[in-house]
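Q: Please take a close look at one part of this model. I would like to know how a single residue is placed and what surrounds it.

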Amino acid sequence: MSGESTVTSLANYSLSQSLSSESTSSFSSGDGVGGIEAVVGCVTLTVAVCGFGSFLVPVKKFQTGDGLFYQFIMCTAIWCCGFVANCIAGFPKFEPLSMLGGFLWCTGNVLAVPIIKLVGLALGMCIWAVTGFLIGWSSGTFGIVIEKQEVSTPAFNYIGAALTVCAIVLFSAVKSQPTSPHSPGDEYNQLLAEKGFETPPNQLDVKEPTPPPRLLLYRLTPLQKRILGVGLAITSGILYGFNFLPTQYLIDHNNNGEHSTSGIDYVFSHFTGIHITSTLYLVIYCIVKRNRPNVFGDAILPGVISGCIFGLSEVCMFVANASLMLVVTYPISATVPPIIASVWGILVFKEITHKLHIILLICAFCVTSVGVVFVTLSKTITL
């Protein structure tokens, strides 16, 4: 996860992972809901959605340079969390195909840095989370790569998807106030220009004016930045939405027990794909920069914290999927993380301050929630 992105999926990532585990996981007893197991499911689901909506926050106070170094640090922490989960799960079989999902997620995560720079944390996460929801929906509805999932009331299913598309339009109409960097070397720094935050120590003694950034990103007009930011957020959401399909494919094609049906058994393989991809991007970046990458020591600890938050949240999501019915975890993981991210963006980072835009954001939340409810009811209600 580069720079500030590192964010996420949030939202979207959590959403795609909700499709991963079946209630036949080793953590569940069959019916999936009841007693202590239900309590464990609710607690882990709460931890997961809070983490998915907050794991981008630690980087907001620190310089991250181009973001690639931060991405590498965060993904290394994610891999460490996956290794611990792998030990707890009893070292299940390593699945190379599941690493492809890690590649897709990491690529979407790289895009998150310019997305947050262009449209802000709240709006960026909302767009890619809703897009990820649509990808998850279409994958199951139309049988894209994974097996087609039939619903009881298809009409509800299509209404819910249509409302989600409307929510994307509303999200894109919300104008945020992302920060701008102070120097070309800090191309994706989020908070230096934010009111209420102190300048990092290495900036205190700088007296001479900084030359204007040469990056193409900062030569765009506000409208061009907005269009590019929304487009990248949608692309990132697509990658987040598809990132679990390789793992789901293995679960659906479990021939004679060749592959595990427990989603948590694929966590380490998936996280390994994330770490390898982030390392590859860092190497390419260093080559392009002629071995002079923008590296900020201040980004190390925030990257580790963000990675640990995300890794723990993902593992909790697997446990929640196994302990509760998927019909419970899916809509919550689709809507709550972007709401939490928006609360951070509005109350703490002041990214969205105009009342009209806050109203639009609330409307988008409402439309998204209603859409997810329709999709959920389409699985359980027969007309």
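**A close look at one threonine**

A: Thr 277 counts as buried, because its relative accessibility is 5% and the cut-off for buried is under 20%. This is a predicted model. Thr 277 sits in helix α9, which spans residues 267-288. Its contacts beyond the local stretch are four residues: Gly 102, Phe 103, Cys 106 and Thr 107. Neighbours within four places in sequence are left out of that list.

Thr 247 belongs to helix α8, residues 245-252. Its relative accessibility is 0%, so Thr 247 counts as buried too. Setting aside residues up to four places away in sequence, Thr 247 touches Ser 98, Tyr 266 and His 270. With Ser 98 there is also a polar contact: the two side chains are joined at 2.6 Å.

Now the setting. The protein chain has 12 helices and 0 strands. Read from the N terminus, its elements run α-α-α-α-α-α-α-α-α-α-α-α. Helix α9 carries Thr 277, and helix α8 carries Thr 247. The chain has 383 residues, and 55% of them count as buried. Thr 277 is in that buried class at 5%, as is Thr 247 at 0%. The accessible surface of the protein chain is about 16,000 Å². Carbon and sulfur atoms account for 69% of that surface.

Conventions: Residues are numbered from 1 along each chain as its sequence is written. This is a predicted model: local features need pLDDT of at least 70, side-chain atom pairs count only at pLDDT 80 or more; totals for chains, interfaces and linings use all residues. Side-chain values use heavy atoms; hydrogens and water are left out. Helices (H or I, at least four residues) and strands (E, at least two) are DSSP runs, numbered from the N terminus. Buried means under 20% relative accessible area, exposed over 50%, partly exposed in between (1.4 Å probe, protein chains only). Contact means heavy atoms within 4.5 Å. Accessible areas come from the Shrake-Rupley method with a 1.4 Å probe; for residues, only the protein chains shown count as cover. A polar contact is a pair of N or O atoms within 3.5 Å; within protein, one must be able to donate a hydrogen and the other to accept it, and residues adjacent in sequence count only if both atoms are side-chain atoms.
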